[in-house]
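Me: I'm just starting out with protein structures, and I'd like a close look at a single part. Could you walk me through the aromatic pairs and then show me what surrounds them in the rest of the chain?

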Amino acid sequence: MSLGHALRRIIEEYPLARLDPPAGHPLASVIRKGAPEELRAALAPIDGPFLVKGSPGRGSHWAAIPWLAVFDPAITTSATRGYYLVYLFPAHREAVHLSLAQGTVAAIRSHGPAAAGAHLRASGAALKARLSDFADALPNATIALGSAGELPEGYEAAHILGLTYDLPDLGDERRLHWDLAVAVAAYRALKARGGLDLPRSGGTA
């Protein structure tokens, strides 16, 4: 299996997999183990350390939006807080988004469900401006996940920058590795440029 093959499997098999319980399901194992292993292999040429996790959901419930994430342990080890790289699989189309994203749950806890989205979008816009030199390589200003709910909508709001792959794109393993290296560079640039801390004036650093 390769990174592209792992991503393709999740895209193609997830809709039908959700009709069965996740416990013991082969695709749940791909998301938790197989795909993270391929992502770790793709990250191997890049100096770490990196923590890689995949989530098909929790307990007996599939996630509305499964994810595969890369964390810098010095920043965060969880998708709930800080910022990280994540592959998100939309519910409404055969594609995957690679997103540099902010922690959604921490924003919901700090600002409340009603205000968290606006906070994340405002913060994301300022952080995007801070990373303007990556705009051409990671051009997605927004993402759509095609699923209602606090977490999917929070993931959309938490997006900073990234790109989207349709199924045919996933056959180009070299491109996937190149884009991942660029995304890691953006992740590290954000860390070097102040992370999520923004000037009170709203300018960039």
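Reply: Here is a tour that starts with the aromatic rings and then visits a helix contact and a glycine.

A word on confidence comes first, since this is a predicted model. The protein chain has a mean pLDDT of 94, with 97% of its residues at 70 or more. One stretch to treat with care is residues 201–205, where the pLDDT is below 50. Beyond near neighbours in sequence, that stretch has 5 contacts in the model.

Now to the rings. A pair of aromatic rings is described by two things, the distance of the centres and the angle of the planes. The count here comes to 3 aromatic pairs, and we can look at two of them. Take tyrosine 14 and tryptophan 62: their ring centres are 5.4 Å apart and their planes stand at 85°, so this pair is edge-to-face. Planes over 60 degrees apart count that way. Look at where the two partners sit: tyrosine 14 belongs to helix α1 (residues 3–17), while tryptophan 62 belongs to strand β2 (residues 61–71). Tyrosine 14 and tryptophan 62 are both buried.

The next pair joins tyrosine 83 with tyrosine 187, and it is edge-to-face too, with 5.7 Å from centre to centre and 80° between the planes. Tyrosine 83 is in strand β3 (residues 83–88) and tyrosine 187 is in helix α6 (residues 173–192). These two are 104 residues apart, and again distant parts of the chain are linked. Tyrosine 83 and tyrosine 187 are buried as well.

From rings we can move on to helices. Helix α3 (residues 104–111) and helix α5 (residues 150–158) have axes that come within 9 Å and cross at roughly 100°. That angle makes α3 roughly perpendicular to α5. On the α3 side, the contact is made by Thr104, Val105 and Ile108. On the α5 side, you will find Glu150, Leu151, Gly154, Tyr155 and Ala158. Sorted by kind, the residues of this contact are 5 nonpolar, 2 polar and 1 charged.

Our last stop is glycine 34, in helix α2 (residues 26–43). Glycine 34 has a relative accessible area of 12%, so it is buried, the limit for that word being under 20%. Setting aside neighbours within four places in sequence, glycine 34 is in contact with Met1 and Ser29. Its C-alpha atom is separated by 9.2 Å from that of leucine 3, a residue 31 places away along the chain.

Methods
Residues are numbered from 1 along each chain as its sequence is written. This is a predicted model: local features need pLDDT of at least 70, side-chain atom pairs count only at pLDDT 80 or more; totals for chains, interfaces and linings use all residues. Side-chain values use heavy atoms; hydrogens and water are left out. pLDDT is the predictor's confidence in each residue, from 0 to 100. Contact means heavy atoms within 4.5 Å. Rings of Phe, Tyr and Trp (its six-membered ring) pair if their centres lie within 6.5 Å; planes under 30 degrees apart count as stacked, over 60 as edge-to-face and the rest as tilted. Helices (H or I, at least four residues) and strands (E, at least two) are DSSP runs, numbered from the N terminus. Buried means under 20% relative accessible area, exposed over 50%, partly exposed in between (1.4 Å probe, protein chains only). Axes are lines fitted to C-alpha atoms, for helices over the stretch in contact, and angles run from 0 to 180 degrees between N-to-C directions. Angles under 35 degrees count as roughly parallel, over 145 as roughly antiparallel, 65 to 115 as roughly perpendicular and the rest as oblique. Ala, Val, Leu, Ile, Met, Phe, Trp, Tyr, Cys and Pro count as nonpolar, Asp, Glu, Lys and Arg as charged, and the others, Gly among them, as polar.
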